[in-house]
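I opened this notebook to keep track of what I looked up in the structure shown below.

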Amino acid sequence: VRIFIVGAGLVGARIVGALHADHELTVVDLEPARLRALARRYDVATAQASAASGRQLLNAGIAGAELVIACTSRDDANLVAGSFARSVAREAKTIVRTSSAEYVEIWREGRLDVDCVVSDQMETARAVSEAVGMPAARHTDTFADGRVQVLELDVPAAAGAALVNTKLRAARLPGDSRIAGLIRDERAMPLRGDTEIAAGDRLVVVASPHAAVDWCRLVAPEKLAVRDVVVFGARELGAAIARSLCEQQLVVRVVEPDEARAALLAERLPAARVFHTDGLDPEFLKREGIARVQAAIFAMRDDARNLFAATLAHLEGVAYRIALAHTPISDRIYEDAGIDVTIDPLLVTSEEILRFAHDPRTRQMAMFEHDRFMVLDVTTRADSEYVGVPLRELPRRGAYIGAIVRGETAIFPHADDMLQSGDRVIVFTEAARAAEVERAL
Amino acid sequence: VSAAARRRRLGVDVVGSLNLVGALIKYLGPAALVPAAFAVAHSEPAWPFLAAGAIVSVFGLLLERFTSGGEGVGVREGYLVISLAWLLIAAYGGLPYVLAGDPQLGRPVDALFEGMSGFTTTGASVATAVDALPVSIRVWRQETIWLGGIGVVTIALAVLPRLRIGGRSLLESEAAGPGVEGGLSSGIKETVRRFGVLYVGLSVAAFLALALPHWLGARHAMNSFQAFGHAMSTMGTGGFSTEGASIGAFGGLTQWTVIAIMAVAGSNFALLYRGLVLRRPREAARDEELRAYLAVLLLASAAVAGIVTWSGGPQHGWEAIRGAAFEVTSVVTTTGYFTVDYDQWPTAALMALALLFFVGSCAGSTGGSIKIARHLLLARLLGREVVRTVHPELVRPVRLNGVPIDQAALLAVISFVLIYVAVFVAGTAVIALESDVHGPAFGPLGFVYASASTLANAGVGLGAAGTTGSFAVFGDISTLTMTALMWLGRLEILPVVVLLRASYWRV
């Protein structure tokens with residue numbers, strides 16, 4: 001597929017990284033340095049052009065594209081490029097990235113002529129909501145319209161004999177779920193009946209929503225049922241997160257150091273308790289009961305401040321911390337500092353864009369472990385090599401099947417179950433082999 | 001040239017203001033034709049009314065003719081225009097009493113009081129024996145209240161918000177008429193056009209509701225003339241009556257009907273417009289001020305009825321409930337009628353009524369006083385400050401109907417309440433001082449009633465000024481003070497106070 005990507009920033013680069021192997025990519029950006037960096041790593045065509053200049057986009061070859069992704073950091077440029085692509089490349093699908101949720105609403109009302117609008121704020125808020133809903137998981141994703149939940153879990157030493165040091169075939173695992181991936185020392189381990197799970201392993205579990213809750217209870221019984229949350233930061237992302245948590249009927253406190261920002265959010269979100277302070281005062285955290293909340297979300301723009309505040313919150317007794325990462329390195333730093341969940345707004349945005357950009361049979365995808373592993377939702381072809389093979393004979397090509405969506409029901413298969421053609425499978429694989437697995441299915 | 005030079009020296013366009021005042025009051029002349037017609041029908045002299053009407057119209061026309069620029073006056077002139085206009089209109093209201101040489105109302109000080117009382121929809125009267133007044137004068141008194149009512153709605157919805165008093169946010173920006181750019185005069189015209197129809201329609205409905213029982217043969221009901229007079233004064237929430245015994249002259253059914261009409265007249269007209277004319281009643285019913293207003297009426301009625309009953313007062317059972325409901329509604333809506341001799345009530349009940357003078361009706365109604373919306377905002381502001389002593393970092397806007405109210409508007413509410421109380425205290429002091437020297441013996445509550453009820457445009461007196469007496473018992477200084485209180489209260493004080501500042505007049 002000929003894909004035209006407008007914007008070579010963090011989101012653009014991620015998309016290029018995920019798509020370059022199987023598609024013919026053209027990337028445009030205003031900054032030559034970014035383009036050079038991409039061209040050095042991947043086999044992609046690059047062109048220096050402004051997203052807002054139709055002439056330059058035409059010269060770069062936008063008219064011949066089958067898919068146009070406008071993913072610069074500027075809403076206006078993306079919208080201009082998206083609607084321009086619509087008029088010069090009539091057959092092409094167009095995906096536009098925006099920061100606010102406003103254009104997603106306008107697009108849903110049918111008043112914006114592009115194929116898809118993805119909002120940073122909406123995707124981030126959704127990712128935070130999912131993390132709050134599954135506090136024991138490092139990462140969660142919903143597949144197949146909510147029928148299937150994918151969880152990334154750390155196995156603590158305290159998890160107990162139901163899980164730890166027990167052979168998989170003997171482990172008492174929640175029903176309606178399957179372990180699709182076992183990562184030890186950053187490597188995927190083979191999953192067999194005699195595999196033992198050790199403390200410190202990281203699991204990728206595919207489960208029904210109900211079983212997902214059971215898994216959380218199994219792994220970290222003390223972290224369930226979040227009712228009180230605090231959000232640090234009331235800028236766009238923090239406000240979007242607070243709004244989405246309020247909609248889930250949680251008790252939401254918001255801490256914002258800027259007076260005008262705090263007042264604005266207090267006006268627009270009466271359900272939240274908004275505090276005007278930097279939140280770095282232990283006395284304040286105690287007085288307002290923030291030390292006792294079940295989840296704290298750090299959504300300030302400065303990752304160093306997020307880390308500082310998160311550490312203080314931990315000292316004051318907050319058990320479950322979710323932090324936004326705005327630079328690629330923050331992910332590792334947060335993890336080292338013991339922050340439970342890291343959400344990279346640009347990563348969740350690129351995942352959502354990629355979901356639309358992928359093979360049309362791929363409904364959805366999620367990335368784990370610094371993009372090294374993936375979970376895909378793929379519809380199988382009749383002539384796939386997987387059809388008619390009992391699951392015990394897997395893995396093939398390093399792919400583990402976590403769930404099968406057949407018609408309206410999600411099946412969490414046993415070793416004897418077989419795939420039928422037309423099944424949707426939720427499959428775990430290494431990112432490097434994702435395209436191969438897609439083809440094989 | 002000299003006029004232009006004078007304009008340059010002053011920061012206020014006085015000539016333009018006078019022009020607008022003239023343009024407004026010239027329309028009031030024909031209003032005197034109504035009592036004149038009644039005078040002819042009852043063989044009473046009609047000339048005082050015709051002369052007064054002619055004088056005001058000619059004066060207004062001359063004022064307009066010899067000045068210019070009325071269309072262009074802005075916010076700054078607005079304070080001068082409404083202050084001056086209300087003073088002149090009050091004088092016009094008293095003119096027929098002077099010209100007719102009425103024995104009860106004929107003295108200029110009394111006539112001005114009665115005129116101000118009418119056009120500010122207060123209803124305090126210096127007439128001790130209303131039944132002895134000529135029919136035409138009784139009609140004129142009722143009519144001044146009705147005309148005052150439409151004026152009150154106009155300044156509340158079109159003028160005061162432009163002068164940044166009361167605040168647009170206290171009303172409803174949508175219903176409050178065109179934007180500030182429209183200028184003062186076009187805003188007034190638009191509001192009169194929009195709410196005038198509603199006001200007339202409600203008045204007709206009130207007349208029918210009051211007169212129908214009599215037409216159907218009910219006893220102790222209002223005849224057509226009485227219904228006409230009381231429909232006018234009830235809609236304007238002024239307490240003038242054609243009867244000496246006020247609404248006490250009529251039966252229970254009529255009394256309950258009057259309670260209902262008073263409650264409607266005390267509601268926000270912008271809201272009534274939305275509910276009745278735009279047919280969005282559910283939206284109007286959600287209004288927080290309206291709900292608080294109805295709650296105040298119910299709770300205060302129950303409390304006063306309880307006090308009267310338990311203290312073994314002159315009324316019992318249903319009589320006490322009806323009497324209390326009537327008097328509470330009369331005070332809260334600042335109407336000023338009475339059905340029973342509340343002078344006989346226990347002190348606790350009288351104290352409750354005295355407090356209710358400071359409550360007032362809804363913003364944008366014909367009623368006066370501090371108004372429910374301001375109390376709501378004040379209560380919420382205080383509530384927030386209490387919460388903030390425990391949670392100093394908490395940010396929480398004060399809202400009315402879900403809309404955040406900005407700090408400037410809240411400050412304006414606080415200032416208004418403080419100034420209101422200060423004016424009340426000063427007024428009480430003057431009345432008490434003069435009455436001690438000159439007047440009849442009053443209990444302390446009598447002075448409070450005189451001052452609070454004129455400032456609130458309620459017109460309820462106590463003791464010698466109460467149900468069996470009149471405000472004629474006060475000395476001239478007190479009478480003039482109360483005239484000023486009515487004037488101040490009607491204009492929400494600040495437009496007049498602004499004129500006293502030198503900075504207002506400077507460029």
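**Entry 1: a residue in a loop.** I began with Asn401(B), which counts as partly exposed because its relative accessibility is 36%, where buried means under 20% relative accessible area, exposed over 50%, and partly exposed in between, with a 1.4 Å probe and protein chains only. Asn401(B) sits in the loop between β2 (399–400) and β3 (403–404) of chain B; helices (H or I, at least four residues) and strands (E, at least two) are DSSP runs, numbered from the N terminus. I noted that phi of Asn401(B) is near 55 degrees, a positive value in a residue other than glycine. Most residues other than glycine have a negative phi.

**Entry 2: how to read my notes.** The model is predicted, and local features need pLDDT of at least 70, side-chain atom pairs count only at pLDDT 80 or more, while totals for chains, interfaces and linings use all residues. Residues are numbered from 1 along each chain as its sequence is written, chains are lettered from A and ligands numbered from 1 in the order in which they are written, and side-chain values use heavy atoms, with hydrogens and water left out.

**Entry 3: the loop between α8 and α9 of chain B.** I then looked up His220(B), whose phi is also positive, near 55 degrees, and which lies in the loop between α8 and α9 of chain B. His220(B) is exposed, at 53% relative accessibility. Arg219(B) is found in the loop between α8 (183–215) and α9 (224–235), and it is exposed with a relative accessible area of 72%. From Arg219(B) to Phe250(B) I noted 8.6 Å, C-alpha to C-alpha, for two residues that are 31 apart in sequence.

**Entry 4: where chain A and chain B meet.** How many residues of each chain are in contact? I found 10 residues of chain B in contact with 14 residues of chain A, contact meaning heavy atoms within 4.5 Å. The two chains bury about 950 Å² between them, 53% of it on carbon and sulfur atoms; buried area is the accessible area (1.4 Å probe) that two parts lose on being put together, summed over both. Glu393(B), Val395(B) and Arg399(B) supply 55% of the area that chain B buries against chain A, more than any other three residues. The rule finds 1 salt bridge across this interface, a salt bridge being a side-chain nitrogen of Lys or Arg within 4 Å of a carboxyl oxygen of Asp or Glu. Arg287(A) and Glu393(B) form a salt bridge, with their closest N and O atoms 2.4 Å apart.

**Entry 5: salt bridges over all chains.** A search of the whole structure gave 37 salt bridges. One of them joins Asp201(A) and Arg184(A), with the closest N and O atoms 2.7 Å apart. Asp201(A) is in the loop between β10 (187–189) and β11 (202–207) of chain A, and Arg184(A) is in strand β9 (residues 177–184), 17 residues apart. Which of the two is buried and which partly exposed? Asp201(A) is buried, because its relative accessible area is 2%, whereas Arg184(A) is partly exposed at 25%.

**Entry 6: the nonpolar cores.** A nonpolar core is a set of buried Ala, Val, Leu, Ile, Met, Phe, Trp, Tyr and Cys residues joined through side-chain atoms within 4.5 Å. The largest has 142 residues, of which Tyr92(B), Phe269(B), Trp345(B), Phe357(B) and Tyr449(B) touch the most other members. Helix α7 (residues 135–159) of chain B gives the most to this core, with 11 residues. A second, separate core of 42 residues includes Ala137(A), Ala144(A), Leu168(A) and Ala366(A). In soluble globular proteins, nonpolar side chains tend to be buried together.

**Entry 7: cysteines.** My last search was for disulfides, pairs of cysteine sulfur atoms within 2.5 Å, and the structure holds 0 of them over all chains. Cys246(A) is buried, with a relative accessible area of 13%, and Cys362(B) is buried at 1%.
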